[in-house]
Amino acid sequence: MAYLNNIGLYFLMIAEMFRKPTKWSVMRTLILKDIDDLIIGSLGIIAFISFFVGGVITIQTALNIDNPLIPKYLVGFATRQSVILEFAPTFTSIIMAGKVGSFITSSIGTMRVTEQIDALEVMGINSLNYLVFPKTVALMLYPFAIAIGMFLGILGGMAACVLGGYTSLADYILGLQIDFDGFHVTYAFIKTFIFAFVLATIPSFHGYYMKGGALEVGKASTTSFVWTAVVIILLNYILTDMMLGQ
């Protein structure tokens with residue numbers, strides 16, 4: 001019953017988030033701050049992970065193609081498919097659930113512990129709109145970060161391929177171009193938008209409705225990471241089956 005109660009409370013939180021909006025001059029400042037904290041602040045780790053994981057995918061693919069009848073351009077093809085379809089939108093989002101999600105939960109949870117949220121309510125401010133809505137809007141730019149991750153993942157695969165001598169640059173580029181389906185990119189960005197909403201709202205839910213002191217803030221951050229990752233994985237399965245399944 002506790003799970004059902006939390007699910008219902010989560011959807012009520014989302015509905016309440018859009019009621020009684022905060023004044024635009026204040027909201028604009030909050031949104032810009034959250035863009036800096038959540039998106040720009042995450043570009044470094046996204047770029048680092050994407051580049052080297054792209055290289056690892058290329059190396060593992062090349063090492064497993066030991067049959068001379070298999071064309072070498074499949075290394076580039078496999079790297080492209082892996083990075084665009086799964087790694088960039090899904091696994092990066094799970095990593096961001098740890099970084100961005102924990103930040104959101106701890107920041108809102110600290111405000112709950114120190115009674116700052118109660119002070120907002122006393123002043124007649126819709127605290128959910130003030131705290132959660134800017135983060136949701138800011139994370140709508142998350143696909144921009146994922147696009148950079150896609151590019152760097154493929155670039156990292158190219159660097160590993162050429163520097164390691166696994167195949168020629170021409171074969172790698174041919175693999176990137178062959179049988180390219182533009183809908184795969186569309187599918188990846190649709191997933192990313194949905195994951196961005198999850199990244200903004202589930203950690204906010206656990207921070208906003210937590211009870212206790214400083215210790216409970218840490219526990220709420222851990223719980224929010226686990227549930228955000230679980231929801232992302234479930235949504236990934238559902239969306240893949242709906243959009244790519246036959």
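**Figure 1. Overview of the predicted chain.** The model is predicted: local features need pLDDT of at least 70, side-chain atom pairs count only at pLDDT 80 or more, and totals for chains, interfaces and linings use all residues. Residues are numbered from 1 along each chain as its sequence is written, and side-chain values use heavy atoms, with hydrogens and water left out. The chain has 11 helices and zero strands (DSSP runs numbered from the N terminus: helices are H or I with at least four residues, strands E with at least two). Its C-alpha atoms fill a box of roughly 70 × 35 × 35 Å along the principal axes. Of the 246 residues, 43% count as buried (under 20% relative accessible area; exposed is over 50% and partly exposed in between, with a 1.4 Å probe and protein chains only). Among contacts (heavy atoms within 4.5 Å) with a separation of 6 or more, 85% join residues 24 or more positions apart.

**Figure 2. Helix α1, residues 2-17.** The 16 residues should span 22 Å at 1.5 Å a residue, and the end C-alpha atoms are 22 Å apart, which agrees (the expected span is 1.5 Å times one less than the number of residues). Tyr10, Met13, Ile14 and Met17 are the buried residues of α1. They cover an arc of only 95° around the axis, which puts them on the same side of α1 (the arc is that of the directions from the helix axis to the C-beta atoms). Their cover includes α6 (127-131), α7 (133-138) and α10 (182-208).

**Figure 3. Helix α2, residues 24-39.** From first C-alpha to last, the 16 residues of α2 reach 21 Å, close to the 22 Å expected. Buried here are Met27, Leu30, Ile31, Asp34, Ile35, Leu38 and Ile39. Because their arc around the axis is only 140°, they lie on the same side of α2. These buried residues pack against α3 (43-64), α4, α6, α7 and α8 (142-164).

**Figure 4. Packing of α4 (residues 74-113) and α9 (residues 169-177).** The two helices pack at an angle of about 45°, with axes 6 Å apart (axes are lines fitted to C-alpha atoms over the stretch in contact, and angles run from 0 to 180 degrees between N-to-C directions). α4 and α9 are therefore oblique to each other (angles under 35 degrees count as roughly parallel, over 145 as roughly antiparallel, 65 to 115 as roughly perpendicular and the rest as oblique). Val75, Gly76, Phe77, Thr79 and Arg80 in α4 meet Tyr172, Gly175, Leu176 and Gln177 in α9.
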